[in-house]
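Here are some notes for a colleague who is opening this structure for the first time. They are set out as numbered points, to be read alongside the sequence and the model.

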Amino acid sequence: MKQFDFNLLTVLEVLLEEQSVTSAAERLYLSQSAVSKQLNKLRESFDDQLFERTAHGLRPTPKAKQLGPEIRQILNQVEQLTRPSHFEPSNSRRRFRIELVETAYSLTYPYFMPQLLKQAPNITVDSHTWNSESMDRLLRCDNDLGIACREWDDRSQLHIKNLPASLNYAELTRDHSVCLVREGHPLLDEEWNVETFLKYRHLQVTFGGIAHWLLDDVLQIKHLKRDIAVNLTDFHCAMQLCEQSDLILCSPAKYAKEMLRHFKLITLPVPTELVPGTYVLLWHKHFDLDPSHRWLREIIIASTQTAYRQQL
């Protein structure tokens, strides 16, 4: 390790993210052969293959997975040391990484991205869908920002007060759940109440790495439970299936409103009292004083909050 080239850490980080020599070369503005040579140097330095070739790209070895968080932490520290105290958006080529729940894409990006790109035309935003490991990555500072769903209802396991102390947050917009059913669904001829709601089978979308939500917590308190026929991870597919079956789909209301332009579905209220939840922007306190990070946060918060205030 005496002759180790620390520039190789950036190459390893990008390879871990892209899991493709071709994609890594494009991001690093290098040739594929140059990245392959650097990968060979990394293998020699760490005495490990680091990646195995598969039909779907590169698969990191256990050693590479172990190195990932440590490398990101080192690069974050170096970046903090070398980053200027003043941030000029128009000259920046910074790359930001954001992880967000599926429903947040259409509820936030159309509002903040145009202004962001106007002020800083050369920055890059890497977007990844929130999953069960996203919170850990935020806590390790592997992500710049996260957009997740949290609850204000005291009955929820996901209450906003339970966020880790090392994170800061800002509310973007509050939302509530609705029920979606197909046109002509037999329950439309019945009284809409909890009994009818539980009489039919349900279609559930598991997103954000969370298997159940406030509705299920509240039903469980009452010793009630939904009959989940199908679990999916994609809302678009779920709405297609809901449109063609007698399954009931629960969805965040704002997202449902956006999607119902494309589906013939009827919206019904959830037949039990729930406190509206919220979409929150999350970041590690490590980034509080970072001028470029603060600039990005302020644009996302101001643009999104303003858009929803105007819709009231």
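1. In this predicted model, the largest nonpolar core has 55 residues, and among these L249 and W295 touch the most other members. Helix α11, which spans residues 291-311, supplies the largest share of this core, namely six residues. As general background, nonpolar side chains in soluble globular proteins tend to be buried together.

2. W295 deserves a look of its own. Setting aside residues up to four places away in sequence, W295 touches F87, P89, F96, L116, Q119, A120 and I123.

3. On aromatic rings, the count comes to six pairs. One of them is formed by F87 and W295, which are tilted, with 5.2 Å from centre to centre and 55 degrees between the planes. This pair links distant parts of the chain, since F87 is in the loop between α4 (62-82) and β3 (95-100) while W295 is in helix α11, 208 residues apart. Both F87 and W295 are buried.

4. The rings of Y109 and F112 have centres 4.9 Å apart and planes at 65 degrees, and because planes over 60 degrees apart count as edge-to-face, the pair is described that way. Both residues lie in helix α5 (residues 105-119), where they are three residues apart, or about one turn of the helix. Since buried means under 20% relative accessible area, Y109 counts as buried at 15%, and F112 counts as buried at 0%. Together with Y105, the residues Y109 and F112 form one aromatic cluster.

5. Where does N143 lie? N143 is in the loop between α6 (134-139) and β5 (145-150), and at 1% relative accessibility this residue counts as buried. The side chain of N143 makes a polar contact of 2.4 Å with the side chain of R97, and another polar contact, of 2.8 Å, with the side chain of E99. Apart from neighbours within four places in sequence, N143 is in contact with R97, E99, S134, R137, L138 and F287.

6. Helix α8 (residues 214-221) is mostly covered, with six of its eight residues buried. Those buried residues are L214, L215, D216, D217, V218 and L219, and what covers them includes α7 (194-199), β8 (202-205) and β10 (248-252). After α8 comes H223, whose phi is positive, near 60 degrees.

Definitions and conventions
Residues are numbered from 1 along each chain as its sequence is written. This is a predicted model: local features need pLDDT of at least 70, side-chain atom pairs count only at pLDDT 80 or more; totals for chains, interfaces and linings use all residues. Side-chain values use heavy atoms; hydrogens and water are left out. A nonpolar core is a set of buried Ala, Val, Leu, Ile, Met, Phe, Trp, Tyr and Cys residues joined through side-chain atoms within 4.5 Å. Buried means under 20% relative accessible area, exposed over 50%, partly exposed in between (1.4 Å probe, protein chains only). Helices (H or I, at least four residues) and strands (E, at least two) are DSSP runs, numbered from the N terminus. Contact means heavy atoms within 4.5 Å. A polar contact is a pair of N or O atoms within 3.5 Å; within protein, one must be able to donate a hydrogen and the other to accept it, and residues adjacent in sequence count only if both atoms are side-chain atoms. Rings of Phe, Tyr and Trp (its six-membered ring) pair if their centres lie within 6.5 Å; planes under 30 degrees apart count as stacked, over 60 as edge-to-face and the rest as tilted.
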